[in-house]
Amino acid sequence: MGDLEIVYELKVEDGKITGSQKLPFGDAPIVASKIDGDRFELTVELESFGDMQKATAKGKIVGDTLEITPAFPKPPEGTGGPSGGPPAIFSGPMVFHRGKPTPSNRAPSLDYNSLEKIALPALREIPSNGLAATPPMGWNSWNKFHTDIDDKTVREIADAMASFGMRDVGYQYIIIDDGWEGRRDDSGRLQPNSNFPNMKALADYVHSKGLKLGIYSSPGPRTCGGFVGSYGHEEIDAKTWASWGIDYLKYDWCSASRVWNDDQMQAVYQRMGEALRASGRPIVFALCQYGRARVGDWGPKVGANSWRTTLDISDTWQSMTSIGFSQSNWAPFAAPGHWNDPDMLEVGNGGMSTSEYRTHFTLWAILAAPLIAGNDLRNMPAKTKAILTNKEVIAVNQDKLGRAAESLSKNGDVEVWVKSLDAGAYAVALFNRGSAPAPVSLRWASLEMTAAPKVRDLWEHAELRSDEDGFTANVPAHDVVLIRVSP
Ligand code: GLA
């Protein structure tokens, strides 16, 4: 079914279709239907960030195949998802063939109504694990490979990261996202599927390259891709990962929304925070719950080192900018040890131009976001590598003060963002979101600087001359000028 598990329960009777569409995040009952020959439409009612919405799935029957284009909720402004359409990972209709189930490592479907409820801990504050003093840097399998990921690819990515200079500029974590999971054995220990014959050996290999290994799970019984999640097995899973040598966990809400409501989210994440702490291994804890439930307020308390602030990014200018430019309000929640995560990088995946990827990397760098590459590092053109390994831009992201950028001014398509740096310096990004070149200006007074400061262009690697009272750059379309300003 592609990369997201979607289950349909359909009943046709008296010219009507009833039943439901089940996404990992919840069931959407069919509230209306239309049948027209071999085509049909289903109107479902689904939830998006607390709001109920109606959306339509379209389908047709051709001989022994049934095609359905699913209905997705429209996310609120700034949470990603290009114009509220389906997540980018989902392209085209799902096709079912009569009598031919698709072979898969996904877990069997589950009756959530008869699920045994686990106890949630009383809320408390877990002391910091001391990790992620600066935003984590690494690579994650999802944006490029989705659930099509295996041991061999992960090793080759580790080789590439170590040999093509990425490790040397600070990239560290190789993170396996959804799709590695197999089944639990008789003692409840979760085993990888056949794509990953030996996780301990894989972790040893990644460590031998001077890198660290990350993994993925969900607090629900199923992950977003429909694989086994950690529900009710938090302790044993944390111990298992520690015994393999895992250094990072991305913990994705997914089907937990069928078991818990948003008010219980903190306790649910605390359960894994405690389990990771009890595992005895330092493991970065990366929350993924799409910025719901005011996570910035309680993320640090559950031991989180980062939390997602949006729905999924996709490899388009529209998706990237709608996420990146809406992050200003999250700035106060970033600090050494815990970071806002506007989702992973798409740099090099092919859907944007070089200047657009430069804009993407600049934004994520100044937002003090985790820099988690999501492209195929094994086949990286020089222009992609130049973006991902720009040391001066990375230094802005990794600045020890740990502040995230805020929007300073916005005038049509032109935006200026500022990140405070150590020692009284600033990183200032002059963005042009428009489709024609435009001048973008900054006045020193707006940084509360009186004398003309030193200005360095971090993409051109050059000192620039500045005026007494400010600085103007001519910025090409969909591009940025990033400067470091210091007294
Ligand atoms: C969600 C997350 C993605 C990815 C997938 C895996 O959509 O937001 O980043 O982890 O699940 O199924």
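**Cavities and a helix**

Modeller: The second largest cavity holds about 40 Å³ of space. A cavity here is a set of points on a 1 Å grid over the protein atoms alone where a 1.4 Å probe fits but cannot get out, and a volume is the space filled by probe spheres set on the points, joined across faces, edges and corners. This is a predicted model: local features need pLDDT of at least 70, side-chain atom pairs count only at pLDDT 80 or more, and totals for chains, interfaces and linings use all residues. Residues are numbered from 1 along each chain as its sequence is written, and side-chain values use heavy atoms, with hydrogens and water left out.

Colleague: Which residues line the second largest cavity?

Modeller: Q327, W330, A331, N340, P342, L367 and A404 do, where lining means having an atom within 4 Å of a point.

Colleague: And what volume does the largest cavity have?

Modeller: About 90 Å³. Its lining includes Y248, K250, A286, L287, C288 and R308.

Colleague: Which strand gives the most to that lining?

Modeller: Strand 14, with three residues. Strands are DSSP runs of E, at least two residues, and helices runs of H or I, at least four, numbered from the N terminus.

Colleague: What follows helix 5?

Modeller: G280, with a positive phi near 85°.

Technical notes. 1 Å grid on protein atoms, 1.4 Å probe; cavity = no way out; pocket = protein on both sides within 12 Å on 5 of 7 lines; lining within 4 Å.
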